[in-house]
There are 2 protein chains.
Amino acid sequence: MGNWRKNLRQVEPYVPGEQPRSLDVVKLNTNENPYPPAPGVLAALGELGPDSLRRYPDPTCGVLVRELAARYGVGEDQVFVGVGSDDVLAIAFQTFFHSSQPILFPDITYAFYPVWASLFGVPYRTLALDADFRIRKEDYCQPNGGIIFPNPNAPTSIGEPRSFVEEIVARNPDSVVVVDEAYVDFGGESALPLVSQYDNLLVVQTFSKSRSLAGLRIGFCIGSPELIQALNAVKYSFNSYTLNEPALALGTAALRDEAYFRETVEKIVATREEAVERLGQLGFTGPRPLGNFLFVTNPALSASRLFQDLRKAGIFVRYFDKPRIRDYLRISVGMPEEMEKLYDFLGKYAQ
Amino acid sequence: MGNWRKNLRQVEPYVPGEQPRSLDVVKLNTNENPYPPAPGVLAALGELGPDSLRRYPDPTCGVLVRELAARYGVGEDQVFVGVGSDDVLAIAFQTFFHSSQPILFPDITYAFYPVWASLFGVPYRTLALDADFRIRKEDYCQPNGGIIFPNPNAPTSIGEPRSFVEEIVARNPDSVVVVDEAYVDFGGESALPLVSQYDNLLVVQTFSKSRSLAGLRIGFCIGSPELIQALNAVKYSFNSYTLNEPALALGTAALRDEAYFRETVEKIVATREEAVERLGQLGFTGPRPLGNFLFVTNPALSASRLFQDLRKAGIFVRYFDKPRIRDYLRISVGMPEEMEKLYDFLGKYAQ
């Protein structure tokens, strides 16, 4: 038996969330957008011809970068795109966290941060959220090799104001600070206006939530030209041609329909606000949500058992069997009629 | 000015080939397939609905993995897919070449190998091709941390028989041997029948050449279940959701039309064989090509000047300003009428 196994990279494989294919399922487990993408997106699909499939895509992703720069009022040299925000974040870890000092992130946050740190050999330190699940910004003043946190945070759905982010960025001029704004469009306050002022701030967003395009895998980030250039150098050393032609064409079409974007975001926010009330009447509490999901607990119920029982009833939510949050469920905001099914189930539910 | 630059990863950015967008160009520079993808591929595009865009894709890429396993007669646990073969190769570098011994590859080969080695901190040694640009298999018996080579090789278009690959694999039971078969469908002999016998052999292929889908970014590899499992562990630690829904659906459709695949491959091979003859009449020589491209030189002409003059005439080919090959051009096989434009130009050309 060959000894080639000695050179294998040992990693703890990340287990992605369930993606049930059945259409009968009420899918409130991966924070997808319940509304279809903008009408122009499907129209753009019909316009893709054989040449756009047969030829390599533009490695600079020019059409999408230009549209993003115009939409967010920044230079084209301030925009980087990737295969979902996971790709953008993974490349940011490789590019900016090449330090012997530990990087800092919250103990309760996006589960991929420690996975990337392990994969790329980046030392890290997690900092405990306070008793209300809030990030303690004063903890982020210690020496570090970089900082990353989501705002709003996940799975808590708690958002902090721009001034909060600015304080962390301003106090860490020697670190790159990555703010992961996957959920910002649902009521958070974006740090984007700060990028012109701080060359060490990178703001990451995605088309998977507010733009209804999780199936296309499009993420992006905005920062100083120097940060973007460094990301591109790593990206071009890994895979020159990443976003495929459908992603470039359809992502661009999605950006062009601002009215539809605002309309669906407003609907989701309205459904979320109603969910806070309705779930409250059913005995659930949790932090005030700013993402397209709620993080709730019910002192009368076992969250893990409720999670299983919901699943049996075809209602998928997310449960994390981890310290401090194992009494909570993360529930994505679905269509009003899907939420009614959830309220119905919970109204009749007795363990 | 902040000192965050100290933690930047320093890489030499890879510069991808030109992708002129003009339709007037005769594009023989990136080894794309000149024929459109199979008719079923465009039909599959029309069947993509809003839900397939709005939801996350299947992270296991199940539909495409199953189709590949059936097509190549291997188990589903022997197939891994990625965002183009570049993604597959980059993940293979990260996964299998985690060694302090140098990995081995030819000095004249795909330009990305040294780039990945640098990015992931993998030591490497390049081994000189012989005077006829052939890989010397006896060189690949020295101690190493892994082996990678394309077959057919690029930019030479030279292919070696399966027995040649087997000898290298058999002599290196302590290394993973990666055979990069991007061009194998145009007349090369694939090492795929060997994977059932050697658990250290990984065969990488792509949909970008013989399947006319460069614009979708689909690559795959086949190997022992243990190799595939290790690749998946790294992939899931980097980005769980990589191939988007259009890539999964259209890639699967492409695989289902075997007759079209064979027909277009045969046409390209016929055009290539004619090109060998026609270019020969014009004074060009080169190794016998087995990929969808030719590697040619003309003792009466400066290759770099010819490259520039072709470019001015709207005919794009590839030139590598590197030792040993700077008298050569790499010319992709285009449509017969595109090749006629090339012959016409060369027939009238005098420096």
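Here are some questions and answers about a predicted model with chains A and B.

Visitor: How do you know that the copies meet through the same surface?

Guide: Of the interface residues of chain B, 100% are also interface residues in chain A, so the copies meet through the same surface.

Visitor: Why is helix 8 of chain B called largely enclosed?

Guide: A residue is buried if 20 or more other C-beta atoms lie within 10 Å of its own. Eleven of the eleven residues of helix 8 (residues 245–255) of chain B are buried, so this helix is largely enclosed by the rest of the structure. Among these buried residues are B:Glu245, B:Gly251 and B:Leu255.

Visitor: What covers the buried residues of helix 8 of chain B?

Guide: The cover includes helix 8 (245–255) of chain A, along with helix 1 (39–46), helix 2 (50–54) and helix 3 (62–72) of chain B.

Visitor: Which domains does the assignment give for chain A?

Guide: Domain 1 takes 18–36 + 258–348, and domain 2 takes 39–255. Their contact uses 23 residues from domain 1 of chain A and 20 residues from domain 2 of chain A.

Visitor: What supplies the largest share of the side of domain 1 of chain A that touches domain 2 of chain A?

Guide: Helix 9 of chain A does, with five residues. By class, that side of domain 1 of chain A has 14 nonpolar, five polar and four charged residues.

Definitions and conventions
Residues are numbered from 1 along each chain as its sequence is written. Chains are lettered from A and ligands numbered from 1 in the order in which they are written. This is a predicted model: local features need pLDDT of at least 70, side-chain atom pairs count only at pLDDT 80 or more; totals for chains, interfaces and linings use all residues. Copies are superposed by least squares on the C-alpha atoms of residues with pLDDT of at least 70 in both. Two residues are in contact if their C-beta atoms, placed from the backbone, lie within 7 Å. Domain bounds come from an automatic or database domain assignment. Helices (H or I, at least four residues) and strands (E, at least two) are DSSP runs, numbered from the N terminus. Ala, Val, Leu, Ile, Met, Phe, Trp, Tyr, Cys and Pro count as nonpolar, Asp, Glu, Lys and Arg as charged, and the others, Gly among them, as polar. A residue is buried if 20 or more other C-beta atoms lie within 10 Å of its own, exposed if 12 or fewer, and partly exposed in between; C-beta atoms are placed from the backbone.
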